[in-house]
Amino acid sequence: MDHTSTMAMQLVVVDTNTTVTEQHVTPTELTKISLLRPILQPLHPSSKDEDDLTLRRFLRARELDVEKASAMFLKYLKWRHSFVPNGSISISDIPNELAQDKVFVQGHDKTGRPIFIVFGRKHFQNKDGLDEFKRFVVYVLDKLCASMPPGQEKFVGIAELKGWGYSNSDVRGYVSALSILQDYYPERLGKLFIVNAPYIFMKVWQIVYPFIDNKTKKKIVFVEKNKVKSTLLEEIDHSQLPEIYGGQLSLVPIQDS
């Protein structure tokens, strides 16, 4: 086991319980949803258009605490109407981020979750600030959510860090992406595999790690360098595995998905 994997194993727990059966809403969750709606609607009328599964994700993110979930959801609605006033991010809003050619999609894992791959060595901090990168993150997350088959609420990510160096280090960008994921897309990440992480990446990871909430930490898996294919095959059929890991599917740029 290499040094990177040894360090990472102290940080993560593998989450293996995500299946399409999560579409089922339990009686307890239905009760909580029925309590949540009357709180939300007077404060933000557009909340009436949100379905039960959306509300459940925010409830689950706050351990079914109605008060905490309502605060989280209202924060999300305010952010969404402000940051995405037209309902979606256009590719014309993120030209520099798309030009880096760093995020791809392909296939689904064994439970039907869409898979995306981000190449860390292709990401560079935007010299004009974080706004475009944040729009890019929302663009990617919205595309992934829209690609989910019926009965599925989550996606799987692979962070490919081969060739990553300090020129790719962007702590503010990483933390911003995590904040958007955790605050506004709760219960969407099924698992994130981090593969081929160089030792120098762990120095940056130690800075980012405190900003990751406990639910997200449990879904992040550092993969040993000599076990990448075998680990991915535990979750992804060979027919759905990217060619770069010995599978059959070619990568599709996120904007073409």
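Start by selecting E235 and R113: their side chains meet in a salt bridge, 3.7 Å from N to O. The pair links distant parts of the chain, 122 residues apart. E235 sits in helix α10 (residues 228–235), and R113 in the loop between β1 (103–108) and β2. Both E235 and R113 are buried. This is a predicted model, with a mean pLDDT of 90.

R113 counts as buried because its relative accessibility, 2%, is under 20%. D109 is buried as well, at 6%.

Next, select K215 and E187. Their closest N and O atoms are 4.0 Å apart, in a salt bridge. K215 belongs to helix α9 (residues 214–217), E187 to the loop between α7 and β4, 28 residues away. Here K215 is partly exposed at 28%, whereas E187 is buried at 13%.

Now pick E29, R56, R57, R60 and E153, which a network of salt bridges links. The structure holds 16 salt bridges.

Turn to the cavities. There are 4 of 30 Å³ or more. What is the lining made of, nonpolar, polar or charged residues? It has 26 nonpolar, 3 polar and 1 charged.

Finish at residues 1–22, where pLDDT stays under 50. Across the protein, 91% of residues reach 70 or more.

Terms used:
Residues numbered from 1 in each chain as written. Predicted model: local features only at pLDDT ≥ 70, side-chain atom pairs only at ≥ 80, totals over all residues. Heavy atoms only, no water. 1 Å grid on protein atoms, 1.4 Å probe; cavity = no way out; pocket = protein on both sides within 12 Å on 5 of 7 lines; lining within 4 Å. Points joined across faces, edges and corners; volume = space filled by probe spheres on them. Nonpolar A, V, L, I, M, F, W, Y, C, P; charged D, E, K, R; others polar. pLDDT = per-residue confidence, 0-100. Contact = heavy atoms within 4.5 Å. Buried < 20%, exposed > 50% of the residue type's maximum accessible area, 1.4 Å probe, protein only. Helix = DSSP H or I, 4+ residues; strand = E, 2+ residues; numbered from the N terminus.
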